[in-house]
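These are my notebook entries from looking through one structure. I went from the overall fold to the sheet, then to the metal site and a few single residues.

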Amino acid sequence: MFITCTDLRIVLELITHSSPGDLFVTRNVGNVVPPYGQMNGSVSTAIEYAVLTLDVQHIIVCGHSNCSAMRMVLYPDSLENMSTVRAWLRHADVAKSIVKDNFDFANESASMQALTEENVIAQLQHLRTHPSVALRMASGYLFIHGWIYNIETSDISAYDVDLATFRLLNDIDTIPCATPRVSF
Ligand SMILES: [Zn+2]
């Protein structure tokens, strides 16, 4: 399953070399996953359906460089006339608060990259609040992944939960995973 942003520059078939029928895709502004119970909308429905009906074994939350949704989170004044988008992007507030405490907002490029990364990590945490996901992860059947697609270079970096950092997929043999080790 692939959860990514609505940005038109993300062409999943090109990025993943997939064919029709390979990926179960849900896209939304900012590649957001609402925490379980907060909003029983299309994303939560798609997750439960994919996990329990299609038995997907991998869920990838994929953010991207130069994301206009992340820019709106960084500069909320731009959301003044968009109450629905503003409400939706509150799901990225946790990422913004982390960046705010640790980065100089004057450096837009560094802030945008940090926010994009923290947003993917935050959405992975939201993903784990869904009982269907938690259940399959606990049994070792389901794995979650956090990716960032660089639109300018076509590079993909993946979150390595053991190292707590994003690593370029090109440089390594094994794909880093965002799934914590099972604790029992
Ligand atoms: Zn985007």
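**Conventions.** I am working with a predicted model, in which local features need pLDDT of at least 70 and side-chain atom pairs count only at pLDDT 80 or more, while totals for chains, interfaces and linings use all residues. Residues are numbered from 1 along each chain as its sequence is written, and side-chain values use heavy atoms, with hydrogens and water left out.

**Overall fold.** I looked up the secondary structure and found seven helices and six strands, which follow the pattern β-α-β-α-β-α-α-α-α-α-β-β-β along the sequence. The C-alpha trace spans about 45 × 40 × 35 Å along its principal axes. The protein has 16 Å, which agrees with the value near 16 Å for a compact globule of 184 residues.

Two strands pair if DSSP finds at least two bridges between them. On that basis I recorded an open sheet of six strands in the order β2-β1-β3-β4-β5-β6, with mixed pairing. Its edge strands are β2 (25-28) and β6 (165-168), each of which pairs on one side only. I also followed one pair in detail: β4 (residues 143-149) and β5 (residues 156-160) run antiparallel over three bridges, and Tyr149 has Ile156 in β5 as its bridge partner.

**The zinc site.** Which residues coordinate the zinc ion? I found Cys5 (SG), His64 (NE2) and Cys67 (SG), at 2.0 to 2.3 Å, where donors are N, O and S atoms within 2.8 Å of the metal (3.2 Å for Na, K and Ca), and sites may look incomplete since water is not among the atoms. The donor spacing along the chain is C-x58-H-x2-C, and both His64 and Cys67 are buried.

**Ser65.** Ser65 lies in the loop between β3 (58-64) and α3 (68-74) and counts as buried at 16% relative accessibility. Not counting residues up to four places away in sequence, I listed what Ser65 touches: Arg9, Ile148, Tyr149, Asn150, Ile151 and Glu152.

**Met39.** I placed Met39 in the loop between β2 and α2 (42-52), where Met39 is partly exposed with a relative accessible area of 33%. Leaving aside neighbours within four places in sequence, Met39 is in contact with Pro34, Ser44, Trp88 and His91. The C-alpha atoms of Met39 and Trp88 are separated by 10.0 Å, although these residues are 49 residues apart along the chain.

**Asp160.** Beyond four places in sequence, Asp160 touches Thr165, Arg167, Pro176 and Cys177.

Conventions
Helices (H or I, at least four residues) and strands (E, at least two) are DSSP runs, numbered from the N terminus. Buried means under 20% relative accessible area, exposed over 50%, partly exposed in between (1.4 Å probe, protein chains only). Contact means heavy atoms within 4.5 Å. The radius of gyration is taken over C-alpha atoms; the globule rule is 2.2 Å times the number of residues to the power 0.38.
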